Amino acid sequence: MAETHRTRLLIIGAGPAGYTAAIYAARAGLEPILVAGLQPGGQLTITTDVENYPGFAAAVQGPWLMDQMRAQAEHVGTRIIQDVITGVDLTARPFRAAGDSGDSYEGSAVVIATGAQARWLGIPGEKELSGFGVSACATCDGFFFRGRDVAVIGGGNSAVEEALYLAGLAKTVTLIHRRESLRAERIMQERLFAHPKIRIIWNTVVQEALPTEGKLRALRALKLHDLEGGGHYELPVDGMFVAIGHDPATALFRGQVETDAEGYIVTEPGSTRTSVPGVFAAGDVADRIYRQAVTAAGTGCMAALDAEKWLAHIPADAPSPAAYSAAATPAQMPPQAAE
């Protein structure tokens with residue numbers, strides 16, 4: 001039988017941002033409910049070695065790290081429910097969400113922490129070699145390719161940034177772009193063209209990621225297609241970094257909270273507040289720049305603190321977001337958390 005779950009703080013999403021928000025909210029006595037979503041743990045569940053999350057001298061496995069965050073959130077009092085949110089209503093308080101299970105959820109405040117997903121090429125071998133030579137994050141995985149040959153796929157700012165970053169680690173960097181000019185900012189292009197470790201292959205697409213032989217398979221080469229000449233050839237590389245953009249998981253919320261041109265939720269500078277009072281956004285769903293586990297966790301903390309202070313200033317029987325938004329003056333709004 002369908003059930004309605006009520007809480008002071010409803011957290012949607014179970015990555016570093018969602019779990020951290022839950023930890024802080026539970027410790028503040030908000031008795032949060034976290035709805036885990038389709039991929040509990042987020043992108044770290046498909047990440048092998050994690051070396052850049054503070055607190056671990058040796059590399060840890062992404063899935064293990066997320067299991068630890070989940071256990072900590074439950075230990076301090078978070079109720080975690082395995083369900084997928086299929087619809088939300090942020091026009092009235094309490095805010096409401098519908099689950100794929102048939103259950104419904106009500107929260108006096110909401111933290112949106114649904115994350116973002118890297119766009120992939122969709123070519124053979126890409127999924128199978130993810131974490132074994134194929135990546136969508138140079139900052140996360142570039143360290144493993146020191147002194148080796150890598151390729152970056154894309155032509156925008158993200159691709160150029162990844163190539164320049166990897167050039168400080170790798171032996172060589174090959175940028176592969178399907179057009180004959182880049183979309184990146186001019187100053188970034190100039191830095192790219194001037195770097196001695198970087199070369200560019202124009203008018204070319206990657207058709208397949210080719211593995212090594214044997215049981216321990218890893219990327220050995222890329223099968224390329226020359227769009228001008230029509231030929232096919234292999235490019236030996238140890239790593240391929242796909243940098244064609246990210247898609248924030250905001251489809252449920254568009255039209256209800258403000259989003260930018262790329263779909264990321266817009267938050268007030270220096271906070272996690274969205275355009276709807278009482279609704280907060282944390283992690284990659286609102287971060288188009290950094291997209292790191294540690295920054296997601298940091299904004300998860302911010303969201304819980306923002307929500308706690310907001311709830312303390314809003315009457316429990318306030319009728320709707322519009323009503324309490326209009327009634328609150330800037331002096332009445334919750335202050336920012338102290339450092």
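1. Strand β15 (residues 219-226) pairs with β16 in the antiparallel sense over five bridges, and within this pairing K223 has E234 of β16 as its bridge partner. Strands here are DSSP runs of E with at least two residues, helices are runs of H or I with at least four, both numbered from the N terminus, and two strands pair if DSSP finds at least two bridges between them. The model is a predicted one, in which local features need pLDDT of at least 70 and side-chain atom pairs count only at pLDDT 80 or more, while totals for chains, interfaces and linings use all residues. Residues are numbered from 1 along each chain as its sequence is written, and side-chain values use heavy atoms, with hydrogens and water left out.

2. The pair belongs to an open, antiparallel sheet of three strands in the order β14-β15-β16. Because β14 (204-211) and β16 (232-236) each have a single partner strand, they stand at the edges, and one side of each is left without a neighbour in the sheet. Neighbouring strands of this sheet are turned by 30° against each other on average, direction ignored.

3. Elsewhere the pairing is parallel: strand β11 (residues 149-153) is joined to β12 by five bridges, with A151 standing opposite T174 of β12. Four of the five residues of β12 (residues 172-176) are buried, so this strand is largely enclosed by the rest of the structure; buried means under 20% relative accessible area, exposed over 50%, and partly exposed in between, with a 1.4 Å probe and protein chains only.

4. H5 lies in strand β1 and counts as buried because its relative accessibility is 4%. The side chain of H5 makes polar contacts with the side chains of R79, at 3.2 Å, and D103, at 2.9 Å. A polar contact is a pair of N or O atoms within 3.5 Å; within protein, one must be able to donate a hydrogen and the other to accept it, and residues adjacent in sequence count only if both atoms are side-chain atoms.

5. A search of the whole structure finds one cavity of 30 Å³ or more, and the largest cavity has a volume of about 40 Å³. On a 1 Å grid over the protein atoms alone, a cavity is a set of points where a 1.4 Å probe fits but cannot get out, whereas a pocket is an open set with protein on both sides within 12 Å along at least five of seven lines; lining residues have an atom within 4 Å of a point. β7 gives the most to the lining of the largest cavity, with three residues, and the lining divides into nine nonpolar residues, no polar ones and one charged.

6. The second largest pocket has a volume of about 300 Å³ and is lined by 15 residues, of which L121, I153, G154, R178 and I244 lie nearest its centre. β14 gives the most to this lining, with three residues.

7. Some backbone values deserve a check. The peptide bond from R93 to P94 is cis, with omega near 5°, and P94 lies in the loop between β6 (85-89) and β7. Positive phi values occur at E31, near 50°, and at R291, about 55°, neither of them a glycine.

Definitions and conventions. Axes are lines fitted to C-alpha atoms, for helices over the stretch in contact, and angles run from 0 to 180 degrees between N-to-C directions. Grid points are joined across faces, edges and corners, and a volume is the space filled by probe spheres set on the points. Ala, Val, Leu, Ile, Met, Phe, Trp, Tyr, Cys and Pro count as nonpolar, Asp, Glu, Lys and Arg as charged, and the others, Gly among them, as polar.
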